[in-house]
Amino acid sequence: MANNERNPQKESMRALLEQDPGLPRTNPTSSYWQTPLHKLSHIQSSSLPSRTEIAVIGSGITGASVTKTILENHPTAQVTVLEARTICSGATGRNGGQLAINAAETYVKTREAVGAEMAGKVVRFNLKTLQAMREVAREFSGEDFPGAQDPEVTDVTKVRAFVDAESFRGMQEGLRELEADHPDLKGIYTIIDSETCQRDHGIHGAVGAVMHSAGSVWPYRLVTNVFNALPAQYPSRLAIEMNTPVTQVTYEPSADAKHPYILHTPRGVVRAAQVAYCTNGYTGHLLPTLRGAVFPLKETMTVQELSPAISRSTPTSWAIHYKPYLDENTGTYADGLTYGMQSAKSGYYFFGGAKCAPDELISSDDTVLVDSSVQFMQESVASLFGREPSDSKIISAWSGVMCFSSDSMPLVGRLPSELTSRAGRGEWICGAYNGYGMPSAWLAGESLAFMMLGQSARDYLPEVFLMSEARLRQRLSVEKSLEFLNAD
């Protein structure tokens, strides 16, 4: 194609990537995890605090981690958590509930981008974060915390099934390279063939699979348990302000040099010394320079009941990997992965993924349930277990917004003034987990909190996650996002 020739598909994708994600919508689809709503769902102070040392925008896993870490590691710091909707109503309260890594599938690409040593550090960070998630879930659901709900932490065997030979070979190559570069990571995965998939695991239609240790959790309960405990521990230092969307952040040090940032909300303004953006898929609204370099992707979660039921002796979770494809008959795009687990208590299957039009995929609107994605999830579960779609009953379905970056790495650290267009050095970001927030967000948030307290990033944090002007110029751009989405 000539350079001066327009590519309508690419231009359409560019427009979707660069659009303002807006604020979280006020009437999202109802997530099974958030039923019933926690007692803190609408909590707010009688009047909005006029000043705070740390303003945390967002109340999901990241916001909870940043808040907890700052309160525990500074003797006087005041923290105000601001959330546009109810507590933990964004990605954390709408995700798949899986504690799992994706190292083998992504290792080769990650190594090409950042080198073998750093690619190994990313894997170790993910493993460490998953362990931290288990520890936090168990700690805050103990007897010392009245009103805590059971987060249902379950150790499971995850079976990643591949339905096409090319995807299976790519995973095997990634596993060989991972183990060759990092012998200490050998033994994470076990490869099984098609016959073993069906005979031992009841999986139909796979050319092969890998198994690895993983877990599942009720993510909403994990986070609400943390926020339920913190006010009693730090009653004079923590304000939790739900239904308080931050519509704009401005910088005016002349009026108050100690609290130069002004967070504008419908309830009034809050002046802050520092601001942490834990806004994930909605980041581009308050930080427009990042639009296109980070972008929302919307997927669908379902809760399904199979009849007749399948009994298993070992708790299991699943992933179905396939080559992404465009269904030209319907104009819908399937992104290459569906994922799920079975609740040990209810027996229900929680499966998520997407098969929808591009403008439904690159979207921050979680008020809409995409019928084609719900149908695809129902068909995926039936196909996985050799059933008919009619064998599955939809118990619940909802949409959720993730955040991706053009270089496939989370963003953690101080925001450069080049990006904020503000002279101050008190704005920070933690987000863009590229579909894998559970093995990244908690320790990323913890590390960010220490950085906000004037300390170095934790040793465990991969340096490639750190935000910088160089990264902004070299690795974060709408052009690279288009390459990521293969829209050339």
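1. The largest cavity of this predicted model holds about 50 Å³ of space, where a cavity is a set of points on a 1 Å grid over the protein atoms alone at which a 1.4 Å probe fits but cannot get out, and a volume is the space filled by probe spheres set on the points, joined across faces, edges and corners. Its lining (residues with an atom within 4 Å of a point) consists of Leu16, Leu17, Gln19, Pro21, Gly281, Gly284, Arg291, Val294, Phe295 and Pro296.

2. Strand β11 (294-306) and helix α1 (8-18) each supply at least two of the residues lining the largest cavity, and β11 gives the largest share, three residues; helices here are DSSP runs of H or I of at least four residues, and strands runs of E of at least two, numbered from the N terminus. By class, six of the lining residues are nonpolar, three polar and one charged, with Ala, Val, Leu, Ile, Met, Phe, Trp, Tyr, Cys and Pro counted as nonpolar, Asp, Glu, Lys and Arg as charged, and the others, Gly among them, as polar.

3. On numbering and limits, residues count from 1 along each chain as its sequence is written. Local features need pLDDT of at least 70 and side-chain atom pairs 80 or more, while totals for chains, interfaces and linings use all residues, and side-chain values use heavy atoms, with hydrogens and water left out.

Terms used. On a 1 Å grid over the protein atoms alone, a cavity is a set of points where a 1.4 Å probe fits but cannot get out, and a pocket is an open set with protein on both sides within 12 Å along at least five of seven lines; lining residues have an atom within 4 Å of a point.
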